[in-house]
Amino acid sequence: MSTEDKPFFDDPNAALREIAQNSAAYAHYLADFNRVVLDMQAKLEILQRETRVHCRGTRVEGDKMGQAFLRSFPVEKSLNGILKNLKSISLGLEKSAQKRHAHDEKVKEVKKNRKEKAQIKARKNSPPLQAAPESPGQPGAQSPDMGYGGPTSIYNLDRRESA
C-alpha cells in the first residue's frame with residue numbers, strides 16, 4: 001500500500017509534512033525546539049559554574065598549587081563542549097527557519113520573474129503596428145532625409161544613411 005492510499009490519520013509523518021509545507025508553521029515548530037535548547041543551555045551554564053566552583057575548591061591534603069584546577073579541567077571541558085554544541089544547535093535552528101522563509105520568497109520571485117519574461121517575450125514576438133507616415137505639410141512631420149543623426153527605428157536600420 002503506497003502512502004497515497006493510506007488515510008491521513010494512519011500516516012505518522014502527516015503533521016510534519018504539513019509543517020514542512022508552510023514556512024510560518026516551520027518557523028514556529030523550530031522556535032519551540034529552540035526554546036527547549038535555550039532552556040537546557042541556561043541550566044547547563046548554571047551547572048557549569050557550580051561544578052567549576054566545587055571541583056576547583058576540592059583540595060586534597062598535600063596538593064601543590066594548581067593541582068585542583070588540573071583535576072577539574074576535564075569535567076569543565078566536557079561541559080564547555082556540550083554548551084558549545086547547544087549554542088551551534090540554537091543558531092542552526094534559527095538559520096534553518098530563515099532559510100525556509102527565504103526559499104518561499106525566492107519561489108514567489110521566480111514566479112514573478114518568469115511571468116514578466118513571458119510578457120516581454122510575447123511583446124517581442126508581436127511587434128507594434130506602425131503608424132502611417134505623415135505628409136510633409138502637417139505640423140510635426142519629419143522630412144524624409146534627416147541625415148546621419150536623425151531618429152531611426154530598429155526596423156529600418158538598413159535605410160539609414162551615413163555621413
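Colleague: Is Gln98 buried or exposed?
Modeller: This is a predicted model, in which local features need pLDDT of at least 70 and side-chain atom pairs count only at pLDDT 80 or more, while totals for chains, interfaces and linings use all residues. Residues are numbered from 1 along each chain as its sequence is written, and side-chain values use heavy atoms, with hydrogens and water left out. Buried means under 20% relative accessible area, exposed over 50%, and partly exposed in between (1.4 Å probe, protein chains only). Gln98 has a relative accessible area of 56%, so Gln98 is exposed.

Colleague: What distance separates the C-alpha atoms of Gln98 and Tyr26?
Modeller: Gln98 is found in helix H3; helices are DSSP runs (H or I, at least four residues), numbered from the N terminus. Along the chain, Gln98 and Tyr26 are 72 residues apart. Their C-alpha atoms are separated by 9.9 Å.

Colleague: Which residues are in contact with Ser72, leaving aside its neighbours within four places in sequence?
Modeller: Ser72 is found in H3, which covers residues 67–125. With a relative accessible area of 1%, Ser72 is buried. Contact means heavy atoms within 4.5 Å. Leaving aside those neighbours, Ser72 is in contact with Cys55 and Arg56.

Colleague: How are H2 and H3 oriented to each other, roughly parallel or roughly antiparallel?
Modeller: Axes are lines fitted to C-alpha atoms, for helices over the stretch in contact, and angles run from 0 to 180 degrees between N-to-C directions. Helix H2 (residues 23–57) packs with H3 at an angle of about 170 degrees, their axes being 9 Å apart. Angles under 35 degrees count as roughly parallel, over 145 as roughly antiparallel, 65 to 115 as roughly perpendicular and the rest as oblique. H2 and H3 are therefore roughly antiparallel.

Colleague: How many charged residues are in the contact of H2 with H3?
Modeller: The axes of H2 and H3 are 9 Å apart. Asp, Glu, Lys and Arg count as charged, Ala, Val, Leu, Ile, Met, Phe, Trp, Tyr, Cys and Pro as nonpolar, and the others, Gly among them, as polar. By class, the contact has 20 nonpolar and 10 polar residues, and the number of charged residues is 8.

Colleague: Which residues of H2 make the contact with H1?
Modeller: The axes of H1 (residues 14–21) and H2 come within 5 Å and cross at roughly 115 degrees. The two helices are therefore roughly perpendicular to each other. From H1 the contact takes Leu16, Ile19, Ala20 and Gln21, and from H2 Ser23, Ala25, Tyr26 and Tyr29.

Colleague: Which residue forms a salt bridge with Arg35?
Modeller: A salt bridge is a side-chain nitrogen of Lys or Arg within 4 Å of a carboxyl oxygen of Asp or Glu. The closest N and O atoms are 2.8 Å apart, and the residue bridged to Arg35 is Asp32.

Colleague: How many salt bridges does a search of the whole structure find?
Modeller: Arg71 and Asp63 meet in a salt bridge at 2.6 Å, N to O. Arg52, Arg56 and Glu76 are linked in a network of salt bridges. For the whole structure, the number of salt bridges found is 7.
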